[in-house]
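Have the sequence and the 3D view open as you read.

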Amino acid sequence: MTTVAIADGHDTVATETIANESNQSLADKESSTKEAENNGERAKTVFNKLGSLSHSVIGNTGKAIGNLLPAGSLQAITQPKFSMPDKTVASQVLMYRQLLHTACRPGLRLSRAYQGTKAQKAVIHMPWWEQGIEDSGKMVISYDNLIVRLWLNGAIMPFADLLGGDVLTMIDDKGLPPIPHEFWVDRLGFQQPDPVTDFRSGGVLSLAMLVHMVESCMPTVKRFHPGGDANVLPFGITCINVTDMMAKFLMLAKSVDRMETLMSQKPFWRMFADPNAILAVQEISMNMLCDVVVEINRERKLPNSKDDGSQEIPPSGNEVTVFDFSEVLERTERRVRVDLLGAGPQTVEELRSVAGKIQLKYKEKLEAKERRQFSASGGGNKADFGQGAVDKAVATAGSAVSGATNMASGVFEKLKTTRISAPTFAIGANKNVEDTSNVIKPTIVALPPPAETNINSAVEDEWMGVTKTHFSPTSSQFRIDDEDDDVDLLA
């Protein structure tokens, strides 16, 4: 065999070998493709089963959660629970902040032009403005004007009937009331004959709230007068403390950043679009405080249980005094914060409706407690206890009426020949008093600071935001500076 033939044979064998390998490779590829397709089908089946199972699990889990949580709970988790101040409410809150931070001082005068805008018309009736805005074209806040109105409507006119109708206003030729004078203590309930120092905690806002009370809420004010059911507490400084309490709920303090206030969520913010809301809260809070005084007095007259099971009527002289102010304010604060504002009233009318229900609730609660105590004391003791309570009430009322009559008789003899002078609201410098040797010193004991409360209920405090610090009326904790970082809304 030739060399050429041998080479051709080798080429033929090599060609056949390559063809066989190619055919084998194609066969392997077809086999792999089929196997991949089979694996894909199996995977698809497995994923379909897993998808059905996951849908079932998710559906059952959703049903389980739905059964555990009340309707709307999931939505409440993902959405804000309470509303934030809108533009109108924010404007009101910023004004209240500035009034709170503006220190009272004789001669203080803030003004801005009156342009008759919708926002200005909405607040034109608020008590801090001088009268005659539309005529003067200016919206003016004046300490001298406010203090004159407080004097006339709080210390003079309410006592005119007792004095026979002709009363000396004691307004001087500059249109200002006498300062110092004992009426600031005896009739208006301040701690000093010059009231300016008592406004350090609440600024112009607290003074304006006092003016509102004596001009528009006299039935509430008279509860602090002699013979009233809350006459053991001085009206002036009590009203200032209530304003401070309200300022805490509204996050008006300097310690709270302005933007933090405007971004806070409260159940009652919508109500404060009405400027009358802050006036209504002040009035209702003062009424609630008087109700608390009455309740504590009645509770202290209930018979006490002795070790032998018998009931003992408490001795007389256990009534509420100024030294119980801490307990009174603590109860009032809780009632306003939780029961009143915590109910989330949306309008002033709804606020007053809620207040009426709260008053009825606590009245019925106290009456039920009295019935239980009467029942425990036995039939005979019940009658004796009731008669004893009546005798105490009659004696207290008689003493109050006698004291008021004696005071009226003495003052009437002094003023019966004096004609009342027409009040004037001219603004001038404060009158200097050179001789103060005969000035009557304060007779009211300074209010002790309220005890700190420790309420651990998250539900009650959930809308309080950063205002978790407890209230204390000491002046050191409410220092008022002359300047404030807030935008001057009155300039």
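Start with Arg372, which counts as exposed because its relative accessibility is 55%; exposed means over 50% relative accessible area, buried under 20%, and partly exposed in between (1.4 Å probe, protein chains only). You'll find Arg372 in helix α14, residues 348-377; helices (H or I, at least four residues) and strands (E, at least two) are DSSP runs, numbered from the N terminus. Together with Lys365, Lys369 and Arg371, Arg372 forms a positive surface patch. Patch members have over 30% relative accessible area and no salt bridge, with like charges joined within 9 Å and nonpolar side chains (Val, Leu, Ile, Met, Phe, Trp, Tyr) within 5 Å. Lys and Arg count as positive, Asp and Glu as negative, while His and the chain ends are not counted; a charge is placed at NZ of Lys, CZ of Arg, CG of Asp or CD of Glu.

A word on ground rules: this is a predicted model, where local features need pLDDT of at least 70 and side-chain atom pairs count only at pLDDT 80 or more, while totals for chains, interfaces and linings use all residues. Residues are numbered from 1 along each chain as its sequence is written, and side-chain values use heavy atoms, with hydrogens and water left out.

Now for the salt bridges, each a side-chain nitrogen of Lys or Arg within 4 Å of a carboxyl oxygen of Asp or Glu. The whole structure has 13 of them. In one, Arg352 meets Glu283 at 3.1 Å, N to O. That pair links distant parts of the chain, with Arg352 in helix α14 and Glu283 in helix α12 (residues 276-300), 69 residues apart. Arg352 is partly exposed, at 39%, whereas Glu283 counts as buried, at 18%.

Next, look at helix α13, where Arg331 and Glu327 sit four residues apart, about one turn of the helix.

What about the inside? Thr243, in helix α10 (residues 235-249), is buried, with a relative accessible area of 0%. Beyond its neighbours within four places in sequence, Thr243 is in contact (heavy atoms within 4.5 Å) with Leu205, Ser206, Met209 and Gln282.

Zooming out, the protein chain has 16 helices and four strands, and buried residues make up 40% of its 491 residues.

Note on methods:
Accessible areas come from the Shrake-Rupley method with a 1.4 Å probe; for residues, only the protein chains shown count as cover.
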